[in-house]
Structures are given as structure tokens and as C-alpha cells.
Amino acid sequence: MCGIVGYVGKRNAQDVLLDGLEKLEYRGYDSAGVAFVRQGGLRVVRAKGKLAALEEKLAQEPVSTATCAMGHTRWATHGVPNDANAHPHYSESENIALIHNGIIENFIALKEELLQKGYTFRSETDTEVVAQLLDYYYSDCGDFFEAMNRLLHAVDGAYALGIICADYPDRLVAARKDAPLLLGFGDGENFIASDVTALIRHTRDIAYMDDGELAILS
């Protein structure tokens, strides 16, 4: 099963993510990736294969100053294992990045609607459709959190979502329906994860999200 870890706080987010993803390796995966909020936009780094391949890419340009970020380990469902299909996925505007566990049942219909609106896709995944749909709603209404509400009413299926937006560099957004997702709370920092093992080194103050809940962590 895919793994999720996210962090917002004061520490080097890259270290927190890599530690959490390492703890989730036991779940099995065929690719891994991370997304960071950085000044002027987002940075997404993805790699097919084991976590070492991702770490090798990050070593070439470490993001030592990022304090809001999220990471993911993926088992391929929609689309073959490769860099393009790995999470996080980002919107066409590259303003929104998103990680996802679960399956979006109506992604084909949503994708067709977005193609008609001029969106293009870099991957074969259902997850990228969610990122692009959120981008569309955000550009339409101008309110990111209203766009999130519209998104959750539009998608059918199971999901645990982690989302960051360049316009809100100190916010990490999470949503859950029929897929496990938990929140971790620390001193001046907060976390999301799909499994408690990713957080136990950092906090024991944990809450499991209920179906239909939306969380905004800062």
C-alpha cells in the first residue's frame, strides 16, 4: 500500500520526509517522490525504484531551507512505474502539488472534462486528475479552500490526500475518505502520515482523521 508523510514547521523538512519515507518502506513501493514549498513556487522530485534513487536526486540539489513539504511511496495502479507516474503530482500551473492513496473511481470522466477545458496531462494516473481539477477550481473561484470543498464534492472513490500550494507556503492540507490518514502534533510543527510508524520518532500526539474530514495544518 502507498505511503504518505507530510511536515510543516521550523525544521529542515527534507530530513523529516526522508526519515518518514524510510519507515514506510516495509509497505512496499516501486517509486518515491517529494514536493517542497520554496520561495517563488514548488519543487517536485520523483524517482522510479527505491528510496536511494530519490535521495541521489535530492543530493544534487538539497532543499535545506524548506520547512513545508510532503513525500510519497507508490505502488503502481494507474500507469506503469516510472518517474512521470510517481507522486507527488502537480498542476499544469505548477502552483499545486498533491499526493494520494486510494483510487478515484470517476477519474476518466473528470479527465475528459479537463481535456475539453484545455488541460494537458504528464502522467497516466488518477492522482494527476485530482491535482488538475483542484487547479481548475482554484483558478475559477480564487479561494483555495473553497476550491478544496468543490474538489471533495466532485471526486468519487477512496482517498487520503496531502496537498501544498505555492500561494500558501506555510500550510499543509489533508483530506480523507475510506483510506487511512493521521495527523501528528508537535511544538511549532505538525505532520500528516498514512501510518503511525512514519511519525513515532517525532511525536506521540496523534489523531486519526475521520471520513469526510479536511485538515489545514500550519
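## The main nonpolar core

Let's start inside: the largest nonpolar core has 28 residues, and Leu133, Leu134, Phe144, Met148, Leu151, Leu161 and Ile163 touch the most other members. A nonpolar core here is a set of buried Ala, Val, Leu, Ile, Met, Phe, Trp, Tyr and Cys residues joined through side-chain atoms within 4.5 Å; buried means under 20% relative accessible area and exposed over 50%, with partly exposed in between (1.4 Å probe, protein chains only). S6, helix H3 (107-116), H4, helix H5 (144-154), S7 and S8 each give two or more residues to this core, and H4 supplies the largest share, 7 residues. Helices (H or I, at least four residues) and strands (E, at least two) are DSSP runs, numbered from the N terminus.

This is a predicted model, in which local features need pLDDT of at least 70 and side-chain atom pairs count only at pLDDT 80 or more, while totals for chains, interfaces and linings use all residues. Residues are numbered from 1 along each chain as its sequence is written, and side-chain values use heavy atoms, leaving out hydrogens and water.

## The sheet and its helix

Five strands make an open antiparallel sheet in the order S5-S6-S7-S8-S12. Its edges are strand S5 (89-90) and strand S12 (214-217). Two strands pair if DSSP finds at least two bridges between them; S8 (residues 172-177) and S12 share 4. Ala175 stands opposite Leu214 in S12.

## An exposed loop residue

Asp187 sits in the loop between strand S9 (182-185) and strand S10 (190-193). Asp187 counts as exposed because its relative accessibility is 77%.
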